[in-house]
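Colleague: I have this structure open and I'd like to learn how to read it. Could you walk me through a few features?

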Amino acid sequence: MAERRMSPVLKWAGGKTQLLEQIAANMPASYNHYYEPFIGGAAVLLGISPTQAFVNDVNEQLVNLYTQLKTAVDSVIRMVNEMDARPCDKELYYAIRELYNKKIAAKAFDAECAALMIWINKHCFNGLYRVNNRGLFNVPYNNKVNGKSIDEDNIRAISEYLRQSDITITCLDFERACDGIA
Ligand SMILES: C[S@@+](CC[C@H](N)C(=O)[O-])C[C@H]1O[C@@H](n2cnc3c(N)ncnc32)[C@H](O)[C@@H]1O
């Protein structure tokens with residue numbers, strides 16, 4: 001089991017990293033099942049790291065990201081590193097955003113789509129996730145030159161955690177995701 005402290009891979013609006021200590025302190029001492037119907041950046045899941053959990057989000061891209069980190073972490077890391085090896089400018093950002101939108105339009109949920117999501121999250125304005133009415137990602141470039149888009153040790157620790165624990169990942173509306181809660 002991963003021993004290092006894990007942290008979110010994405011910057012995500014409403015992320016709970018700053019509130020993690022308070023959330024942990026207010027959790028019951030024992031519980032049967034851990035449900036997180038709005039997983040978002042997964043700050044709470046990764047901070048608490050229960051050995052069994054049902055996690056969910058309505059965002060298909062986000063759910064694909066966690067699924068790929070669980071099943072194809074080496075491919076995701078390799079593809080992000082390949083993108084990072086190219087100096088980033090406006091032209092590259094918009095070319096990669098277009099590629100990402102082609103994957104979204106094709107509903108191509110795979111390791112490449114997850115790698116594109118991570119890279120874009122680091123290079124878009126404020127780490128926002130915003131789509132238009134056709135579901136295509138439309139956040140502009142952040143105009144910054146960034147270094148690495150990932151912390152490989154952290155991503156590998158997350159992958160190991162997702163594989164070695166009993167984590168069910170779903171992409172449903174929260175009401176359906178909570179159906180099984182007794
Ligand atoms: C504030 S974020 C969650 C933050 C997360 N708890 C953390 O610790 O980083 C909210 C998430 O809820 C998801 N969401 C919004 N409406 C939803 C719905 N009806 N059903 C399921 N997920 C939904 C969004 O896609 C977003 O990822």
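Colleague: Let's begin with Val-58: how does it count, as buried, partly exposed or exposed?

Modeller: The idea is to count neighbours: a residue is buried if 20 or more other C-beta atoms lie within 10 Å of its own, exposed if 12 or fewer, and partly exposed in between, with C-beta atoms placed from the backbone. Val-58 has 16 C-beta neighbours inside 10 Å, so it counts as partly exposed. Keep in mind that this is a predicted model, where local features need pLDDT of at least 70, side-chain atom pairs count only at pLDDT 80 or more, and totals for chains, interfaces and linings use all residues. Residues are numbered from 1 along each chain as its sequence is written.

Colleague: Where is Val-58 placed, and which residues does Val-58 touch?

Modeller: Helices (H or I, at least four residues) and strands (E, at least two) are DSSP runs, numbered from the N terminus. Val-58 sits in the loop between β2 and α3. For touching, two residues are in contact if their C-beta atoms, placed from the backbone, lie within 7 Å. Leaving out residues up to four places away in sequence, Val-58 touches Cys-171 and Asp-173. Val-58 is also 9.5 Å from Ala-177, C-alpha to C-alpha, though 119 residues separate the two in sequence.

Colleague: On to the sheet. In what order do the strands come?

Modeller: Two strands pair if DSSP finds at least two bridges between them. Here 3 strands form an open sheet, ordered β1-β2-β3, with parallel pairing. β1 (35–36) and β3 (166–170) are at the edges with a single partner strand each, so one side of each has no neighbour in the sheet. Between β1 and β2 (residues 52–56) there are 2 bridges in the parallel sense, and Tyr-35 has Phe-54 as its bridge partner in β2.

Colleague: How do I check the length of a helix, say α5?

Modeller: The expected span is 1.5 Å times one less than the number of residues. Helix α5 (residues 90–105) has 16 residues and should span 22 Å; its end C-alpha atoms are 22 Å apart, which agrees.

Colleague: Which residues of α5 are buried?

Modeller: Arg-97, Tyr-100 and Ile-104 are the buried ones in α5. Looking down the axis of α5, you find them within an arc of 60 degrees (taken from the directions from the helix axis to the C-beta atoms), so they line one face of the helix. They pack against α3 (60–71) and α6 (111–123). On the other side of α5, Glu-91, Ala-95, Glu-98 and Ala-105 are exposed. After α5 comes Lys-107, with a positive phi near 50 degrees.

Colleague: And how many residues of α6 are buried?

Modeller: In α6, 12 of the 13 residues are buried, so to speak "mostly covered". Among them are Trp-119, Lys-122 and His-123. The cover includes α3, α4 (73–84) and α5.

Colleague: Which residues come nearest to the ligand?

Modeller: A residue is near a molecule if its C-beta atom, placed from the backbone, lies within 6 Å of it. Of the 17 residues around the ligand, Gly-14, Lys-16, Phe-38, Gly-40 and Gly-41 come nearest.

Colleague: Last one: what is phi of Asn-143?

Modeller: Asn-143 has phi near 60 degrees, a positive value in a residue other than glycine. Asn-143 lies in the loop between α6 and α7 (152–164) and is exposed, with 11 other C-beta atoms within 10 Å.
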